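I opened my notebook to look up rings, cores and contacts. My entries follow in the order I made them.

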Amino acid sequence: NAIYVYNQKDDFWRTLDAARGLPVGRIKALEPDTHFVWVASAYEIEKINIKTKRSEASVLSSSLQNNFIHDIALINNKLWVSTEYMLFCYDIDSETLLPFRYVGNVDAIIDRIEPMTKIFALHADETKLYVGTNQGIIAYNIVNSSWELIAEPTIYNNDFVRELNVYKKQLFIITERGLIRLHMKKQFQRQYNYPFIGNVNDLYVTRDRLWLATDNGLIQFSWKKDL
């Protein structure tokens, strides 16, 4: 229900909560741009001014009323929002909100759109937005404005995708059952469903280390040794 902000210069922590205009409820995701941090809870998204540490008006929350929010991702002044049943693209400059099917070329996934009834986690890198859905992992290429299918849903047993992360050609998928590593080119997959891992809440990938934030603590995995 709050955000903790650390001032490196003064070695000081500050707590931001609803009094500063944060969304009500558990904070699920943060995305910073040049002047603001976009903050998402289950039913609200607010933009917090980095300097004043207070929220400022945005049409986004009112546009998403009654939509359950799973995740947000920011690429090139476009804030992508995954809700329970739809993926939206919010243009920060023009303040317009569009369903994803109206953004870019969807020809490669056109047969997936109609039965796509669940949208899950998001992950963005410099060139692509990755989206977990009940019809597979799809990706939007911001260079050529086109969508593609990355992985079939059978790879993650059609489970709820809690988190996604990408390192080069490796896609890491967190579900309620554990961790899956997929080589996106070779479509080779490896599952890590070890009981000691427990529920994974977040992950971070470096060149040779995978960090898992779990209910059982912080776990480090030398994932390249398993290639």
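Lysine 47 lies over the face of phenylalanine 36, at 4.5 Å from the ring centre. I used this rule: NZ of Lys or CZ of Arg is within 6 Å of the ring centre and within 35 degrees of the ring normal.

I noted the basis of the numbers. This is a predicted model, where local features need pLDDT of at least 70 and side-chain atom pairs count only at pLDDT 80 or more, while totals for chains, interfaces and linings use all residues. Residues are numbered from 1 along each chain as its sequence is written, and side-chain values use heavy atoms, with hydrogens and water left out.

Next I looked up aromatic pairs. How many does the structure hold? It holds 12. Rings of Phe, Tyr and Trp (its six-membered ring) pair if their centres lie within 6.5 Å; planes under 30 degrees apart are stacked, over 60 edge-to-face, and the rest tilted.

I checked tyrosine 43 and phenylalanine 68. Their pair is edge-to-face, with 5.6 Å centre to centre and 80 degrees between the planes. Tyrosine 43 sits in the loop between β4 (36-40) and β5 (45-49), and phenylalanine 68 in the loop between α1 (60-63) and β7 (69-75), so the pair ties together parts 25 residues apart in sequence. Helices (H or I, at least four residues) and strands (E, at least two) are DSSP runs, numbered from the N terminus. Phenylalanine 68 counts as partly exposed, at 25% relative accessibility. The scale: buried is under 20% relative accessible area, exposed over 50%, partly exposed in between (1.4 Å probe, protein chains only).

Then I took tryptophan 80 and tyrosine 140. They form a tilted pair: 5.5 Å centre to centre, 50 degrees between the planes. Tryptophan 80 lies in strand β8 (residues 78-83) and tyrosine 140 in strand β13 (residues 136-141), so this pair ties together parts 60 residues apart in sequence. Are the two buried or exposed? Tryptophan 80 is buried at 2%, and tyrosine 140 is buried at 8%. I also found Trp80, Phe100, Tyr140 and Trp147 in one aromatic cluster.

I turned to the largest nonpolar core. It has 34 residues, and Trp80 and Trp147 are among those that touch the most other members. A core is a set of buried Ala, Val, Leu, Ile, Met, Phe, Trp, Tyr and Cys residues joined through side-chain atoms within 4.5 Å. The largest share, 5 residues, comes from β7. Another core, of 17 residues, lies apart from it and includes Ala139 and Leu164.
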